[in-house]
Structure formats: structure tokens, C-alpha cells
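Me: Could you take a close look at one part of this model for me? I'd enjoy a connected walk through it.

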Amino acid sequence: MSTGSSASPLPWWAKIAAKIVLSRLPTGYALWQRLGSFRHGAMDEAGYACSVFDSHVKASGLGDSLVGKRILELGPGDSVATAVIAAAHGARAVLVDAGRFAQAAPASYADLVAHLRERGLAAPDISHCRDLDELLAACDARYLTDGIRSLRLVESSSVDLVFSQAVLEHVRRDEFLETQNECARILRVGGVCSHRVDLRDHLDGRLNNLRFSERIWESAFFARSGFYTNRIQVDDMLAMFEQVGFVVDVTEVRRWESLPISREKLAAPFREIADRTLLVCGFDVVLKHRSDGES
């Protein structure tokens, strides 16, 4: 579910062509991950992973103690770091992604464990773990890798915090509303969702994804090539959150100073969108059940 923007100097159209070719070669994801061609976020970096976790916990307002809490991350990407971090806080993690992208070698999480212990946290002992499954067991965590089908398996009213970091924009457009419905279903009374959404194109950080017609962009051919974003604009996304019964609190909005692309280069549906909407390149949002007494 999570795919970061590429730092390559290639122009956006060359990145699309390259990813279409690479995604169809008979080579495993692990190789492309090592080469940096397909990278699902930066949660495999200890300091970054902890800062992301801390920022969402802070936004949630759940308090200083996470002991006994259950935390679900949508789109953990290249790492199950959240499982280790949650365990260090006395919580349990459920990680849901669209594929098994995470680093499999337990040794790759040694720096994270050391970082957590330097912070005075009781990080789990993973020194005996021989594979990813044993590491997850040591953290009392679940790692589910079949996208929306996996989310349906999570028990109702069982999660205290759902969070994602630049992931919601990658959920397939025709699965977005169901994904939010599932998040609402699994969230406990008093639970919180915290999301950071990046509306840039994840090609060169602009709006080149809006050049394409829906027929082309939403095709399976494009969607499975490693650069897909759902192109749901901020107002529509917020409306979908409300539609499933969430009270929506937008805590931060990031904007371009001017449109990063001329309107005549946009596909027809996007040319009619107001500047105030297209200028939003990202936002942070906190969601709570309407039944929790919010209005």
C-alpha cells in the first residue's frame, strides 16, 4: 500500500516507462528494493520509524501509556518496525499491506532495537529470531499482506489506533471507501485514526498523475506498475471519511505556492477543479467515531 516518491533524476515519463518494464521482469521485489527502484517508504530506518510512530501516537491523544493497546498500521512497506516499536511500548501491532514487502532478516531490525533501548524502552529480544515470522511472534504482532481482504480479517472494535504514513493515496480508488468502512469497523469506542496523506504524484513530487484519463490510469496495467496513486483530491477524501461515520479533524495542510503543472496539461476531469483544491499537496487528519461524542 505504500510507495514513496523516487529521488531519481529521470523525468516523470521516463520513470513510468522504467517502472512498467521493471515491474514485469522475472525478478523478486527484494532485488529492486536493494537497488532502490521500488521502495515502499522509509520505515526501515530506525530514527524515522520511531518519529513516525511517535507523531501518530501524539496526534491520537491516547496518552503517555500504550500498555495493552492495539495499533494497526496501514501500509508498513519495507519494514515491520511498528511491530517492534509497539512491543517496546507494551502494545500489540497489526500490520496490513498489499504485499509482503518487509525486510525479512531479523538482523535488519537490530539497529531499531538498540535505538529503542537507548530511549529507555523495553524493546523485545529478537536475537534468537531466525526469520520474520519468529520476529513477529516475539513482538506478539500480526503481519497481513493481502490488502483489503486482510483488513476484513481484523476483528471488529479491536483496535485503539489506526495510522498510515503517505499510504492512503495508494489505495485503489475503487477500494478506498471500503477501506475506510473497514477502519471504522475495527476501531474501538474511543479509538482514533491518524493519517498523513501525500497528494503529490510520487514520480517527481508534482501533479503529473493528473495528466491521464481515468481509463488509462485506473487500468490494471498502470495500477500494478509501481507508481499508482488514486488521485482522490482532498475535499473528496474528507467527504469519504465523513460518509463512513468519522468526525474529521484536519490538523495540518501543506500547499504549493503555485500549481506545479499548467491546467491545459491536465486530463479533462481535473481541469475543472478549483486552484484552492489542486494546491493542496498533502494533509494530516485525525478521525474519530461520531458516536464518541464528537460533533
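Reply: Happy to! Let's start with alanine 223, which is placed in helix α10 (residues 220-223); helices (H or I, at least four residues) and strands (E, at least two) are DSSP runs, numbered from the N terminus. This is a predicted model, where local features need pLDDT of at least 70, side-chain atom pairs count only at pLDDT 80 or more, and totals for chains, interfaces and linings use all residues. Residues are numbered from 1 along each chain as its sequence is written, and side-chain values use heavy atoms, leaving out hydrogens and water.

Alanine 223 counts as buried because its relative accessibility is 16% (buried means under 20% relative accessible area, exposed over 50%, partly exposed in between, with a 1.4 Å probe and protein chains only). Apart from neighbours within four places in sequence, alanine 223 contacts Arg172, Trp217 and Tyr228, where contact means heavy atoms within 4.5 Å. Histidine 170 is 53 residues away from alanine 223 in sequence, yet their C-alpha atoms are 9.4 Å apart in space.

Now to the strands: β4 (residues 159-165) and β5 (residues 187-198) pair in the parallel sense over six bridges; pairing requires that DSSP finds at least two bridges between two strands. Here valine 159 stands opposite leucine 187 in β5. From β4 the chain passes through α8 to β5, a right-handed β-α-β crossover: with the strands pointing away from the viewer, the path from the first strand over the helix to the second runs clockwise. On β5 there is also an antiparallel pairing with strand β7 (residues 280-289), over seven bridges, in which valine 192 has lysine 288 as its bridge partner.
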